[in-house]
Every structure is written in structure tokens, then in C-alpha cells.
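Dear colleague,

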Amino acid sequence: MRFLKRFLQKRQQKKQQRLEKQKNQQQQMLQQMAADIQLSTDINENIKNIQESFHQSSDILFRTFSIGSSQACIVYVSGLTNEDRIYENVLTPLMEATEEAHSLQELIEKKISVSEIKQVQTFHEVINDLAGGFQALLLEGHQSAIIIGLPKWEKRSIEEPTAEQVVRGPREGFTETIDDNISMLRRRIRSPRLTIQMKKSGAITNTAVVVAYINGVANDKLVTEVNSRLDRINIDGVIDSGYIEELIEDNPYSPFPQVLNTERPDVIAAYLLEGHVAVLVDGSPFVMIVPTTIYSLLQSSEDYYERYIIGTIIRWMRYLFVVIALLFPSLYVAILTFHQEMLPTTLILSIADSREMVPFPALIEALLMEMMFEILREAGIRLPKQVGQAVGIVGALIIGEAAVRAGIVSAPMVIVVAVTGISSFAIPRFNAGISIRMLRFPIIILAGSLGLLGIMLGVIAIVVHLCSLRSFGMPYLGPLAPLQLKDIKDVLMRAPRWKMDTRPHLTGGTDRERQASNQQPGPN
Amino acid sequence: MSIITDQWKKYCVIGGWFLVILLSSGCWDRVEVNDIAFVLGTGIDYYGEKEIELSIEVKLPGTTEAGGMGGGNGDQPTFVQSATGKTVAEAIANLQMRFPRKLFWGHNRVIIFNEKFVRELGVKQELEYFSRSPEARTRDKVFVTQGKAKDLLTAVQHLEDSTAETLRELSGTNIGLDVSIRDVLLGLKNEETEVAVPMIAVSADTEGTAEGKNEIELLGTAVFKGNKMSDWMNMRLTRGLLWFKNEINLATVTIAPEVDDGYISALMIDAKSELIPEIHDGQWKITIKAISEDDIIQNSTELDLTEMDVLQSVERQLEVEIKNRLVEVVDKVQQEIKSDVLGFNEAFRREYPEQWHEHKDDWNQFFTTIEVDYDVKVYVRRLGLSTGKQESEE
């Protein structure tokens, strides 16, 4: 024990040292930036400085020209710029100008026909804007530069999201471009109350992160909390929204996802209307929604597009699927090795018969088959589509037929594993499905060593954990635990549209009323 | 000490306990199904002076169709083994010596007693073992057989895979009584109705059966006096007895109307009965109220049942037919058997506990003097489409 303590203390010390070192480095960098804060009046010096800052990168273009008799230069990153419009709206009017000695303000007002334009004084700003895809116009004899916003880059067109398909409902999905994503949201919620706040994240990547919510509908405290959690992120780069998700979760050790992510703008719009907050990350088609409950992970947007009776029934079936995906193989193992009297006689006799040739105990057999299933699933996802089919055939043939015939596994076990796997795929959110699938392994081991008692212990542990879990301060099992009777209408069932008069109590801000009551349709 | 080391310590302790629990308990009563011999049926016979011979019908592994590979193809999927002992427990211990797999009683379906055995030794001690055992179920069906119980278990039937299954299905048809260990043990307490157990035998009619196969038939009901069997009644009386137990179901009653040749058969769709005890001026009387709703399922007479008075006369005749059956049963029980299997005991205990208490000890003598009243009602609900001969002649 003492050894362990000393070891841990040492680790702690080292960590602190490292942190201090990092702090020092950051301060040094900041000082360096502050040093070259002002642009020079000499245009050549400015050009030289920019070249040096980008370390002579070949995609930084400098186009020098004259406005009347004074020298000017436009700087941009070639791949990020709409060059046609630069020539058309900036270069041509400036080069054709004959008058001398314009002020920058005059140029902006009279010559450059671009809507996104600003004037900056510091070198630091110029550099950052260039890296962000803007264009800088430098002029001889001026201590400031004009930043022009004519960005253009290759992007994926809007497609149907592959991970969340619906039979009925909108078919467009988010893309990697944050502007397009925001525009899709704006198009769905055409209200000034839709608030979009942009911030940068990632010290090197400078990724745009957007917080979106509907003013008044979302709780102010929640918005502040989301902002403060985003602000404390200090990493080098944000490649996908998954990076952000991991850094803003409430309980990073939990196997359950506490942030819902989706590719569907309609889902985001619906959640915003319920008072949730969306976080969009540039470069990722997955938009995050906070807070999240376990029930929203089990809901599909189609529940709301189909009639409510269908929605309700499908929801209940999904709850059943979760139980099957989590417990079915462990129940099978427990009953087969500890509680043989629990099955009807004819059933246990035929199971016993099929197990006659199997060399493994039921526990090992279950683990083996579950592993096989996970391997097949994982292989199927990563492989190109053409090969993926081959994996499916091999899996079905080898596991379904050959293994049973060879007497390595029993046929009922194959059925159990297949049913479990299919059930876990019926959970609409992939990340929720996968965490439930992974939790099933420890429960199988518990079932194999302690029987039904073990399953009970495992389930109790999971339920206790779920009860203690919070997502941005909101209870993960809400509104069922703690109970909010009014909100059950959207959890235990999918209440008809004309009954959903109020917003959820846990997320909705001051604006509780959602629609006029007494909207139940019927013949007049 | 910093927070992180505390947390580490906590995790280590929790993880350690978890490992200890899992490893020390580690599958301690785990039994794979491959290491179990499923006992499906149990037979208890006389052996020597005081010993019993316990026979069990055990499932042969790999013989159901689902098993696929070995066995199948008309092979008998069960086999019978027997061992002797002074008690059931001893016999079972002796049996286990012959099995490489653990005998498992969780799926035992039936317990069959030899008639001579129950007449002389009773059933209590044997059933007591099964009610104690955590594996066995008190839902197991109890039967008495005229011959040797082992012979019955050895018999092979056409339709079901095992004798045990045949018997279980047979008691489920409600043609005879349906009696479980629990019913018997409750009946042995002297406040309750005397025990009656279905009686079975290997059918003597072997015509039409395949080589080596024997069907099992219900003979009637073994009637107990206390722990031991005292008498028995045949199937006809057993059907009547079901009325008293309110277990009658889908019975067919046939009458021959006086006014015309031929018969009319009625199927009871719904039948209920009730025992109503009364004591008037020291005069004990019990009324059996039997109500049934019937369908006419066969009519070979010329009668037109759509006419109200004809139908009513048919109903009255059906009532008389049922009443006669009940009278027959009461006469047999009160005069010959003298053991209260009819449930009068329970009915009076509930309604008149004080008066009942006086006669509690000599009830089987006293109950023969109770007057029985019959209140039988039959309602014919559906006549069927072809009523009477007229239509079929067209």
C-alpha cells in the first residue's frame, strides 16, 4: 500500500511540473505575438513579415498591383478563395481607379463591392484571418489592412444521412461545412429568436464551434453552462464534434453517452423547440444536443412523423429491445447453468439435446459467440461495401451453419446471439446501442458465475449508475426519475401532437406553453 | 493526501472486493445441462416386506428432433431405471449410483403409485419427500395404477415421447381428475375433502397399435380414506364426481326422448356446480346446484327442437339424465365407499364451523347420513342448423 501511495504521489508531482512548463510556454508565445502587434507603413515589410509567418508556404499568393500610382498587394490562400470574384469585385475596380491617395474607408465605400469586409490594424489579425480563408488587401503608406471575405472551397453536397434513415420525414443531412449547417437550421426555424453564437476552439486548428438555441425557450442557465464548458476547452485541434463531446460530458467514465448527436437538421430543430441547446462543430456533420436523457437516445425522429399510436407502440418495443440486447444472452446462460427448472420441460429438453455435443460450458459458448458477432459487425462497418457483403455471407455460413454442425456451438445459442444483435441494432442511436452491447459482456460473466443473482446485481449497478448520471445538470433518467408526471407523455408514450401543450419542465426555460390547447381535431 | 490518490484507493478496494466475490463464489453450484439427467416420471412400487422400489423415467440425450444428429428414427427417447430403499431418499441415492449425470427432478411431471402400495402403505411419506425437495415441484401429477408402476413407465406410447408426457396430457384433458402433489397433501389434512386420485392402467386393447407400443387409459378414480386408498370408482362415476368438484368440462350427455325413436346428444359448453349446505332443526342437508349451457350436437330423432315446448322437454330430460348420474355417485359414495370425496366436509366447515366441529372426528361415518338435494338446470343455447329430420329429407 505504501509503495502504491508513493508511486501515485510521484505521478502527481510530475503532472504538476508538466502543467507549469506548458503554462510558461503559452505565456512566451503570447508575448511573442504581442511584440509584432502593429502593421508597418512599408508595404514590402508587411509582405515579408507575412511570408515569414507562413514559413514561405507555397499556397499563399501575393498579387501586387497599383491603385493609381500607389502600390497595393492582395494576399490570400489560393485554395480557400473565390478568385473569380476577387478579380471581378476587387482587383478590376481598384486597378481601373485613376484618382490618387484614397483613404482606406473611401476604398471600402466606393470601390470594393464585397459585403463582408473590415479594416484591421494588427499584424496578428491579418495572419489569423488569412489562415481562416479571408483575403487581405495591403496598401502602401497605410498602417492598416482591409480584410475581404470571399471564401470558397470544395465541399460535399447535402445528402441523406446514412446513419439515420427514415421512411417518412425530411431526407437532408448536415454536411462538414458549418455555414451550410447553420443555414439548414435557419431555414427550419425562421425566427429572430434562433440565436447562433460562434467561437473558436483548438489552439492550432482554430475550428469554429457554434452554440445554437432559441432565446427564451432554452434555459439561460443552461446556455451559460454550455458556453462555460466550451470555453474551458484548451486543446490543439478539434477534428470532429466527438472531440468536443468528450470534453464537455458530465461523467467521462460512464459507458452511456450523455450528449446526443445527430446528422439530421429536423431532429436538431425539434430539440431546440424543446429548449435544448445545440453545438455545431465545423468539419463535422454530427451536431450535438445537450442535455440528453436516456429516453431521447431511444427515440427516433420518425416517432413524431408517424401517427402517435404507431409511435407509442414502437417506443415500447424499443424499450423491450434494450432489455433483450442487454440481458438475453445472460439470462440464457444463467438459466442453462443454474436454473434449469425455469424453462418449460420440452424447451429445456430440446436445448439440452442440442448442447449434447458442445464441448464448452454455456458461459464460454456465449462469450465466444458474442465475440464472433462483434467481430463480424466491426468488420462489416469498416470494409468497403463490396467486401462487406462477403463478410456477411461468410459470417452467416460459418457461424450459422458450420459451427453448429461441427458441434462447436449449439443452435439455440446462435439464435440467442442473433436476436440480441438484431435488438441492439433496433436502438436508433448508434452510440447508445454500442454502449448497451458492450455492457452485456460483464453481465454475461456475472450470470455465468452467480446466475440470476449476478444478473440482478449487474442490473442494480447499472440502474444506480443511471440514476446518479447527469447531463448538463439534468437527470439522465428524467422525467421518470425524478418523476415529472406532465412530461411522461413523451417518454412512456408518444402523446398525440394536440396533447403536447407544454415543453418539458427540465429543459424548457420561461416559455412553457408550446401551443394552443384544445387542438384535438374532429368534425365540427 | 490528494483527491486522486483517495479515488485510486477507493477503486482498488471496490475492484478487489468484486474480484473476491466473483472468484470465491465462482460458479459454485453451476451445473451444465450436459451433466444433468432429466427425470420425467417417477413410479413407486412395493418391494419385499417394507421396502419400496423407485422407478424413474429418464430422458435420453440427443433424441428430440431438434437435436438433429444422433438418435431419433423411432428410437425410444426415454429409458427406465429402478432401485430399492427403505425410503424414497434412500432409493434415489441408490439410483444415483448408476448415473454418471446428476439426476434432476425439476422437470419431473408425474408420480405413479402402485395400487397395492397405496392400499397398504399410503402416499404421505413418499409425497412428503417430494414436497421438501427444492428441485421437485408440488405441481407434479399423482396417479395410481393397478399394475406395477414400473411397467407403466416402461410402456411406450404412440403419440407422446414418454409415459410421463402422456399422463400429463391425459390429466390436462379434464376427462378424469387432475390431481397434483399439492392437492393430495392438502387433502390429507383432516379438515379437507378426502383424497381422490385418477387411476390408470396400460390399455389391454392392443389391436391397431404398433409392435411394442401400448396406450395408457384412464380407469377411474382411486378413493382414499385418510392416507390409504380404500376403494375406487369407474369412469362413469368419475364423470359424476367431477360435478361435485366443479371440474366438469365439455361433457356430452345423450338422452333417448320417450316420444320418438333415436337419441339427442348435447355438449356442455359451460357448466358450473355449487354445494350449498344447510342445517335445519338438526337436520343436515346439502344441495348440489348444477347449471349447464349446452349445444345440441346430434339429433337422430324426428323432433323439431325449434319449437319451444319440445326444446323445454328436451332440457328437462337432460336435467333428469344429469341428476341420475349425480344420484348414482352419491349412492356409491355414501353407501359403499364411505369416504367423503364429494367435498361435503369442506362445504359444512365453511358454512357451519361449530356444528361441523362436533362431527369432525367421525365425519366419514356421519356424512353418509346427510340428505342430498339436487338442483339441476340445463339451458340449450344452440340447436345447430339442421334441427330434426324434416330438413335432411328435403
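**Findings**

A nonpolar patch on the surface is formed by A:Leu453, A:Met456, A:Leu457, A:Ile460 and A:Val464, which together have about 480 Å² of accessible area. One of these residues, A:Met456, is found in helix α18 of chain A, which spans residues 452-468. Please bear in mind that this is a predicted model.

Chain A also contains an open sheet of five strands, with antiparallel pairing and the order β1-β2-β4-β5-β3. At its edges stand β1 (60-67) and β3 (117-120) of chain A; each has a single partner strand, so one side of each is left without a neighbour in the sheet. On average, and with direction ignored, neighbouring strands of this sheet are turned by 25° against each other. The pairing of β1(A) with strand β2 (residues 70-77) of chain A is antiparallel and runs over eight bridges. Within chain A, A:Phe62 stands opposite A:Val75 in β2(A).

Helix α3 (residues 83-96) of chain A lies across β1, β2, β4 and β5 (145-148) of chain A and runs at about 25° to β1(A).

In chain B, helix α2 (residues 88-96) and helix α4 (residues 124-132) pack at an angle of about 65°, and their axes are 9 Å apart. The residues making this contact are B:Val88, B:Ala89 and B:Ile92 of α2(B), together with B:Glu126, B:Tyr129 and B:Phe130 of α4(B). By class, five residues of the contact are nonpolar, none is polar and one is charged.

Over all chains, a search of the whole structure finds 45 salt bridges. In one salt bridge, the side chains of A:Arg315 and A:Asp303 meet at 3.0 Å, N to O. A:Arg315 lies in helix α12 (residues 308-337) of chain A and A:Asp303 in helix α11 (residues 302-305) of chain A, so the pair ties together parts that are 12 residues apart in sequence.

Finally, some points on the backbone. Most residues other than glycine have a negative phi, and most peptide bonds are trans. The peptide bond from A:Val290 to A:Pro291 is cis, with omega near -15°, and A:Pro291 is found in the loop between β10 (287-290) and α10 (294-297) of chain A. The bond from A:Ala481 to A:Pro482 is also cis, with omega near 0°. A:Phe472 has a positive phi, near 50°.

Notes
Residues numbered from 1 in each chain as written. Chains lettered and ligands numbered in written order. Predicted model: local features only at pLDDT ≥ 70, side-chain atom pairs only at ≥ 80, totals over all residues. Heavy atoms only, no water. Axes fitted to C-alpha atoms, helices over the stretch in contact; angles between N-to-C directions. Helix = DSSP H or I, 4+ residues; strand = E, 2+ residues; numbered from the N terminus. Contact = heavy atoms within 4.5 Å. Nonpolar A, V, L, I, M, F, W, Y, C, P; charged D, E, K, R; others polar. Pairing = 2+ DSSP bridges. Patch = residues over 30% accessible without salt bridge, like charges linked within 9 Å, V, L, I, M, F, W, Y side chains within 5 Å. Areas by Shrake-Rupley, 256 points an atom, 1.4 Å probe, with all protein chains shown as cover. Salt bridge = Lys/Arg side-chain N within 4 Å of Asp/Glu carboxyl O.
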